[in-house]
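Please examine the model below with attention to its domains, its nonpolar core and one of its pockets.

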Amino acid sequence: MKAGTRLSKVKYAIRDVMLAAKQVEASGKKVLKLNLGDPNAYDFDVPPYVKKALVTALDSGKSGYCDSQGDLALRNAVVKQNSRRGFDSSADEVMVCSGLSEGLSMLYGAAMERHENVLIPSPTYPMYESLAHYYEFEPRFYSCDESNGWQPDVDDLRKKMDEHTRFVIVINPNNPTGALYDEKVLKEIINLAGEFGVPVVSDEIYDELYFGKKPVSMGKLAGDVPCIVMNGLSKNYFAPGWRIGWMTFLNCSQSPLFEAVNQVSRIRLCSSSVGQAAAAHALENEGEYAKFLPAQLAKLKPRRDLAFKRLNEINGLSCVKPEGAFYAFPRIESGPWVDDKEFCLDLLKEKGVLTVFGSGFAEAQGSKHFRIVFLPPEDVLNPAFDAIEEFMKEKGA
Ligand code: PLP
């Protein structure tokens with residue numbers, strides 16, 4: 001059967017590399033998968049009080065369709081979460097989605113025309129680029145500076161903006177670099193967006209997972225600039241498979257854009273009703289979360305420290321310290337490979353360690369990099385780093 005041409009440019013490196021891994025596994029080799037940011041694949045799980053809330057929702061007959069914009073209990077709980085992050089909002093400004101992936105798809109689908117563009121950080125989480133190709137408009141990249149801890153280059157952002165720019169995307173903490181953006185840089189971005197009258201879309205899905213300085217929400221800095229703050233259950237609550245996220249439309253909920261997103265949301269009826277009930281409980285019971293989270297960070301931080309130390313000790317690699325999320329984005333300084341894809345494929349075939357090639361996150365800026373997930377315990381990570389070290393030595397890097 002014939003397929004449409006729309007998908008010809010759509011790639012998703014994080015899952016695409018699995019095909020190569022399957023082939024290696026078929027040859028009888030064990031593969032250690034450090035490609036996917038799924039905490040449930042390791043020793044992280046949903047907070048028990050949130051799991052219980054899901055069961056309660058099931059038992060109390062909450063399995064029907066619910067409001068397309070999102071169940072009011074969850075939207076009210078999101079308003080409270082927003083105020084904990086330092087900004088006011090109302091339930092009318094909140095839109096619930098089946099994960100940020102659906103949220104972004106609804107937003108792009110409702111907003112974008114073919115001749116328009118969206119400014120995306122480079123490197124980026126691939127969804128921002130892939131969905132742009134899917135909706136057939138231009139994903140335009142602004143640089144983040146590796147020599148400055150992968151902070152966004154606001155001068156480059158300014159240069160790339162034009163009258164067809166519809167959104168500026170910010171991912172903080174960042175996937176794949178693990179960077180946490182300085183408040184000063186965030187202020188510069190929001191001011192620039194305000195100057196051009198372009199809304200900022202701020203993906204804050206990792207904002208509870210940080211190792212030092214606390215992330216500042218763009219919502220807190222937005223003032224009167226339109227800003228769509230996105231968050232969800234996938235990372236902070238270790239529930240990526242539940243598919244629950246939310247977007248808060250600050251200073252733009254009275255706009256045709258918001259109405260259009262609402263219209264799109266009605267086409268898909270609603271997000272999981274029981275998931276939303278559990279999410280409302282998750283956000284309402286901040287005390288329970290505050291008891292749960294420190295133990296998770298106490299597991300994750302030593303793994304970040306280990307990844308940072310080991311990657312910088314290996315000849316031929318260097319790595320900026322990840323300040324949030326659970327990824328490192330090391331640079332391949334030397335070695336015989338023609339590009340990052342060859343490096344990752346070689347590493348997979350020879351040592352059975354699956355990572356993602358950097359150009360899957362940024363065609364130019366990631367072309368000498370790879371992304372590695374540091375979610376597994378030390379006794380899994382250490383052999384992986386040993387294998388990478390041996391591999392680099394063998395290749396004369
Ligand atoms: N945004 C970022 C930066 C991510 O890293 C991911 C998943 O890895 C997502 C969004 C996807 O979010 P969701 O599970 O809510 O669709």
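The following paragraphs treat these topics in turn.

This is a predicted model, in which local features need pLDDT of at least 70 and side-chain atom pairs count only at pLDDT 80 or more, whereas totals for chains, interfaces and linings use all residues. Residues are numbered from 1 along each chain as its sequence is written, and side-chain values use heavy atoms, with hydrogens and water left out.

The domain assignment gives domain 1 (5-45 + 290-394) and domain 2 (65-288); such bounds come from an automatic or database assignment. A distance of 25 Å separates the C-alpha centres of domain 1 and domain 2. Across the boundary, 39 residues of domain 1 are in contact with 35 residues of domain 2, contact meaning heavy atoms within 4.5 Å.

A nonpolar core is a set of buried Ala, Val, Leu, Ile, Met, Phe, Trp, Tyr and Cys residues joined through side-chain atoms within 4.5 Å, where buried means under 20% relative accessible area (1.4 Å probe, protein chains only). The largest such core has 131 residues, and Y108, Y128, V168 and I228 touch the most other members. Helix 11 (residues 286-313) supplies the largest share of this core, 8 residues; helices are DSSP runs (H or I, at least four residues) numbered from the N terminus. Domain 1 and domain 2 each contribute at least three residues to this core. Beyond four places in sequence, the contacts of I228 include L107, F167, V200 and M247.

The second largest pocket is lined by 13 residues, with R84, R85, K214, P215 and S217 nearest its centre. A pocket is an open set of points on a 1 Å grid over the protein atoms alone, where a 1.4 Å probe fits, with protein on both sides within 12 Å along at least five of seven lines; lining residues have an atom within 4 Å of a point. By class, this lining has 3 nonpolar, 2 polar and 8 charged residues, with Asp, Glu, Lys and Arg counted as charged, Ala, Val, Leu, Ile, Met, Phe, Trp, Tyr, Cys and Pro as nonpolar, and the others as polar.

Conventions. Buried < 20%, exposed > 50% of the residue type's maximum accessible area, 1.4 Å probe, protein only. Helix = DSSP H or I, 4+ residues; strand = E, 2+ residues; numbered from the N terminus.
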